[in-house]
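Thank you all for coming; I would like to take a few minutes to walk through one structure with you. Please keep the view open while I talk, so that you can follow each residue as I name it.

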Amino acid sequence: DIRLVESGGTSTQAGNSQTLTCTISNHPYNRYVLGWFRQPPGKEREGVAAINNSGRTIYADSVKGRFTISRIGNTLTLQMNDLKAEDTAMYYCAADTETYMTTIEARGILHWAVNQFEYWGRGTLVTVCA
């Protein structure tokens, strides 16, 4: 099975930057979608960003212009700039081999995509103090 392990989450102050990394193993597929999701304290899990095998990306409105998702080899990265208190959450990386990016764009990364990704990491905590 596809295995994903997140790392890089830490505690920081608003305005700072932070980089999350996801190491992906046992992923021989050439067509896929990789994503970052987060679950704020007391709230439901939501989509943050996704990238497919062609490099096409999608971002939640709340992180556009601040976060950047990218992949190099088996490493998925989420570069987070200008962090805000509301970014505090457990961040998860995930992968799916059946969902089309066009469908995510149509249905939404924020809520719909959460229930479509099959493989998930255990999460890494990001805490932002205002």
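Predicted model: local features only at pLDDT ≥ 70, side-chain atom pairs only at ≥ 80, totals over all residues.

Let me begin with a question: which side chain meets that of Glu105 in a salt bridge? The partner is Arg56, with an N to O distance of 2.8 Å, where a salt bridge is a side-chain nitrogen of Lys or Arg within 4 Å of a carboxyl oxygen of Asp or Glu. Residues are numbered from 1 along each chain as its sequence is written, and side-chain values use heavy atoms, with hydrogens and water left out.

Helices (H or I, at least four residues) and strands (E, at least two) are taken as DSSP runs, numbered from the N terminus. Glu105 is partly exposed at 35% relative accessibility, and Arg56 is partly exposed at 40%; in these terms buried means under 20% relative accessible area, exposed means over 50%, and partly exposed lies in between, with a 1.4 Å probe and protein chains only.

A search of the whole structure finds five salt bridges, and another of them joins the side chains of Asp87 and Arg38, at 2.9 Å from N to O. This pair also links distant parts of the chain, since Asp87 sits in the loop between β8 and β9 and Arg38 in strand β4, 49 residues apart. Here, however, Asp87 is buried, with a relative accessible area of 0%, and Arg38 is buried at 4%. A further salt bridge is formed by Asp61 and Lys64, whose closest N and O atoms are 3.1 Å apart, and Asp61 is exposed at 64%. Salt bridges that share partners join Arg38, Glu46, Arg66 and Asp87 into one network.

Now let us turn to strand β3. This strand, residues 18–25, has a covered face made of Gln18, Leu20, Cys22 and Ile24, and an uncovered face made of Thr19, Thr21, Thr23 and Ser25. Strand β1 (residues 3–7) runs antiparallel to β3 and is joined to it by five bridges, with Arg3 standing opposite Ser25; two strands count as paired if DSSP finds at least two bridges between them. Strand β8 (residues 75–80) also pairs with β3 in the antiparallel sense, over six bridges, and there Cys22 stands opposite Leu76.

Finally, two backbone details. Asn26, in the loop between β3 and β4 (33–39), has a positive phi of about 55° although it is not a glycine, and Asn26 is exposed at 55%. Asp82, in the loop between β8 and β9 (89–96), likewise has a positive phi, near 50°, and is partly exposed at 42%.
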